[in-house]
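Here are my notes on this one, point by point. Have the viewer open while you read.

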Amino acid sequence: MTLSRFRPVSPLLIALAALTLLLAGWAREASAQRRLEVTPYERKFKIAIQPFVGDSASTSGTGGEIARVVSSDLDFTGIFQPLNPNSFLEDPGQTAGIDFDTWRVLGAEALVKGKIVDEGGGRIAIEA
C-alpha cells in the first residue's frame, strides 16, 4: 500500500476560496426579498380627546395643540379612532360630574381630559 503525499495548499488559494464563498453568500443575501405585512385591527377603539384646559391665558392655546398631537399620535397607531371634536357636547372645563352617557351616545369608549398648569419660569405641568 502506498500513500500519496499532499502538496501544501497556498494561503493565497485559501483566501481566494474564502472570498468566493463570502461573495456568493452576500449576493444571495442581497437578492433575498424581505416582506413586511401589516394587517389592520378588526375594530378601532373609539376615543374622545378633549382640548386640555389651561389655567392661564398663556396655556389655554397650548391645550388645544396638546389634544391635537395626542389625537394624531393615537390615530397613527391604527388601534384608536379619535372622535371629531366638533361632535363633543360637554365643556372641556367641566371636570366634576362627567356625564359618561353623553359620551357613549357619541360612540366614545374612552375619554381623555386634561389640564395645563403654569408653574412659572417657562415650565408647565399637565394633568390628565
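Predicted model: local features only at pLDDT ≥ 70, side-chain atom pairs only at ≥ 80, totals over all residues.

1. Numbering starts from 1 along each chain as its sequence is written, and side-chain values use heavy atoms, with hydrogens and water left out.

2. The sheet is open, with three strands in the order β2-β5-β6 and mixed pairing. β2 (53-54) and β6 (123-127) are its edges, each pairing on one side only. Five antiparallel bridges join β5 (residues 115-120) to β6; Asp118 has Ile124 as its bridge partner there.

3. Salt bridges (a Lys or Arg side-chain nitrogen within 4 Å of an Asp or Glu carboxyl oxygen): the whole structure has four. One of them joins Glu109 and Arg43, at 2.9 Å from N to O. Glu109 is in the α3-β4 loop and Arg43 in the α1-β1 loop, so this pair ties together parts 66 residues apart in sequence.

4. Asp101 and Arg104 also form one, with 2.7 Å between the closest N and O atoms. Both sit in helix α3, three residues apart, about one turn. On relative accessible area (buried under 20%, exposed over 50%, partly exposed in between; 1.4 Å probe, protein chains only), Asp101 is partly exposed at 48% and Arg104 exposed at 53%.

5. Glu119 and Arg123 meet in a salt bridge at 3.9 Å, N to O. Arg123 is exposed at 57%, while Glu119 is partly exposed at 48%.

How values were computed. Pairing = 2+ DSSP bridges. Helix = DSSP H or I, 4+ residues; strand = E, 2+ residues; numbered from the N terminus.
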